[in-house]
Amino acid sequence: MRVERCFAFLDLCGFTAFTERHGDEQTVLVLASFRTRVREIAARRGVRVTKWLGDGAMLSSGDTTAVVAMVLEIASMVPREVPLEIRAGLAQGAVIMFEGDDYIGRATNVAARMCDAAGPGQILATREVGSRAPRWVSIGPALAYPAQGFDRPIEASLLEIGVDDAMVADDTCGLVLPAIAGLDTRFGSDGSVHRFCSTACALSWEQSNRGADTLARLD
């Protein structure tokens, strides 16, 4: 069955060197922390962890915006919680769903090769992905990157969180975003204004806020 999906490949940079310096036990703790946080973020944003790849992961979703937001959240989280940077590659397109749990197609290959081409802390995405990125994302110029197995270099852009004079923090995911028009907005019971990177984070905040209000009433 052919389906349209956005894919992201993530890789923890310097994983082998970290293992050599700190040993297997410490490495397992770092990897477990990384995977736990990826699962949590994926569940909130509605993105599937298609497979674990040793020191990385493959993500997929029919919602390109959700995948972009998730990868940027992970990239922001990793240096604080895991002593390694990530690199990532994103691409989208029609692929064949194989045996219900795998995908075969150009988009998966391109995403994997863009991850290979990215440097530590970099997120590379194809033009199609960039055109569907959230408005708070800064998209660099399209550059050609050599990709193993492809006859021609692949064009991709560097994705980063945008910067503006006014910035706001998402109370759910912690991302600090440019205070642009159109951010998902919610209001607290005290009249406070809260802005979010996505509807997913706004709904998660609403749910937590309702739970807190319920506990407060019970007290």
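User: Is Glu155 buried, partly exposed or exposed?

Analyst: Buried means under 20% relative accessible area, exposed means over 50%, and partly exposed lies in between (1.4 Å probe, protein chains only). Glu155 has 41% relative accessibility, so Glu155 counts as partly exposed. This is a predicted model, in which local features need pLDDT of at least 70 and side-chain atom pairs count only at pLDDT 80 or more, while totals for chains, interfaces and linings use all residues. Residues are numbered from 1 along each chain as its sequence is written, and side-chain values use heavy atoms, with hydrogens and water left out.

User: With which residue does Glu155 form a salt bridge?

Analyst: A salt bridge is a side-chain nitrogen of Lys or Arg within 4 Å of a carboxyl oxygen of Asp or Glu. The partner of Glu155 is Arg127, and their closest N and O atoms are 2.7 Å apart. Helices (H or I, at least four residues) and strands (E, at least two) are DSSP runs, numbered from the N terminus. In those terms Glu155 belongs to strand E9 (residues 154-161) and Arg127 to helix H4 (residues 127-131), so the pair links distant parts of the chain, 28 residues apart. Arg127 counts as exposed, at 55% relative accessibility.

User: How many salt bridges does a search of the whole structure find?

Analyst: The search finds 9. One of them joins the side chains of Asp11 and Arg87 (2.9 Å, N to O). Asp11 is buried, with a relative accessible area of 15%, whereas Arg87 is partly exposed at 22% relative accessibility.

User: Where in the chain are Asp102 and Lys51?

Analyst: Asp102 is in strand E5 and Lys51 in strand E2 (residues 48-52), 51 residues apart. Their side chains meet in a salt bridge (3.5 Å, N to O). Asp102 is partly exposed, with a relative accessible area of 21%, and Lys51 is partly exposed with 29%.

User: Which residues have the most contacts inside the largest nonpolar core?

Analyst: A nonpolar core is a set of buried Ala, Val, Leu, Ile, Met, Phe, Trp, Tyr and Cys residues joined through side-chain atoms within 4.5 Å. The largest one has 45 residues, and those with the most contacts inside it are Leu12, Phe34, Val71, Ile74, Leu90 and Trp136. Elements that each supply at least two residues of this core include strand E1 (2-12), helix H1 (15-45) and helix H2 (64-81). H2 gives the largest share, 10 residues.

User: Which residues does Phe34 touch?

Analyst: Contact means heavy atoms within 4.5 Å. Not counting residues up to four places away in sequence, Phe34 touches Leu10, Leu12, Gly56, Ile74, Val78, Val82 and Ile86. Another core, of 19 residues, lies apart from the largest one, and among its members are Ala107, Met114, Ala147 and Ala156.

User: Which residues of H3 are buried?

Analyst: An α-helix has 3.6 residues a turn, so residues three or four places apart point the same way. In H3 the buried residues are Ala107, Thr108, Val110, Ala111, Ala112, Met114 and Cys115.
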